Amino acid sequence: LSAMEVFIAEHELMLRELQAGYYRLSAYFVAKISVDAILLRAVPAVLFSVLFYPIMGLRSEGDRFVSFVEVSILVNVASGLLCAAISVLFESLGAANLAATILMLLLLLMNGALVNLREVGPALKAGQSLSFFRYGF
């Protein structure tokens with residue numbers, strides 16, 4: 001949920017700078033998302049993978065490790081981007097955090113780790129394809 005502050009904290013400053021013509025909205029958006037995705041999502045996922053992959057006792061082949069790192073990065077980036085997208089919809093950090101927390105819990109529920117997806121109704125079965133956690137784990 002650290003991605004919430006990507007847009008909320010600097011909203012007023014960004015509007016002033018856009019009106020002054022310092023940069024375009026697309027440049028601001030791409031720069032913010034790129035820095036967030038690389039420095040706050042990808043690098044920690046790689047560090048996590050390097051530290052914990054051997055401890056978990058998973059297969060030691062190199063291609064398996066690379067796949068694990070890739071999936072960790074993609075799930076982490078998807079989570080961060082979803083939180084950033086939610087933060088654009090709200091003016092308050094508290095409301096954005098609440099909405100993102102509820103959505104993340106629903107996506108985790110659709111993962112299949114918390115609920116037996118073979119026993120749920122058709123509405124939840126249809127919703128499971130929306131969860132990026134399902135594809136990552």
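In which helix does Val35 lie? Val35 is part of helix α3, which covers residues 25–56. The legends below describe close-up views of a predicted model.

**View 1. Glu10 and Lys32 form a salt bridge.** Side chains of opposite charge can pair when their charged atoms come close. Between Glu10 and Lys32, the closest N and O atoms are 2.9 Å apart. Glu10 sits in the loop between α1 (5–8) and α2 (11–20), while Lys32 belongs to helix α3. The two residues are 22 residues apart, and the pair links distant parts of the chain. Glu10 is partly exposed, at 31% relative accessible area, and Lys32 is also partly exposed, at 22%.

**View 2. Asp36 and Arg41 meet in a salt bridge.** The N to O distance here is 3.2 Å. The model has two salt bridges in total. Asp36 has a relative accessible area of 4% and is buried. Arg41 is buried as well, with a value of 8%.

**View 3. Tyr53 and Phe68 form a tilted aromatic pair.** A pair of aromatic rings is described by the distance of the centres and the angle of the planes. Five aromatic pairs are found in the whole structure. For Tyr53 and Phe68, the centres are 5.1 Å apart and the planes stand at 55°. Tyr53 is in helix α3 and Phe68 is in helix α4 (residues 62–89), so the pair ties together parts that are 15 residues apart in sequence. Tyr53 is buried, with a relative accessible area of 7%. Ring pairs also bring in Phe65, giving a cluster of Tyr53, Phe65 and Phe68.

**View 4. The rings of Phe132 and Phe133 form a tilted pair.** Their centres are 4.4 Å apart, with 35° between the planes. Phe132 is buried at 16% relative accessible area, and Phe133 is buried at 11%.

View 5. Ala96, Ala100, Met104, Leu107, Met110 and Asn111 are buried in α5. An α-helix has 3.6 residues a turn, so residues three or four places apart point the same way. The face of α5 turned away from the buried side carries Leu98 and Leu105, which are exposed.

Definitions and conventions
Residues are numbered from 1 along each chain as its sequence is written. This is a predicted model: local features need pLDDT of at least 70, side-chain atom pairs count only at pLDDT 80 or more; totals for chains, interfaces and linings use all residues. Side-chain values use heavy atoms; hydrogens and water are left out. Helices (H or I, at least four residues) and strands (E, at least two) are DSSP runs, numbered from the N terminus. Rings of Phe, Tyr and Trp (its six-membered ring) pair if their centres lie within 6.5 Å; planes under 30 degrees apart count as stacked, over 60 as edge-to-face and the rest as tilted. Buried means under 20% relative accessible area, exposed over 50%, partly exposed in between (1.4 Å probe, protein chains only). A salt bridge is a side-chain nitrogen of Lys or Arg within 4 Å of a carboxyl oxygen of Asp or Glu.
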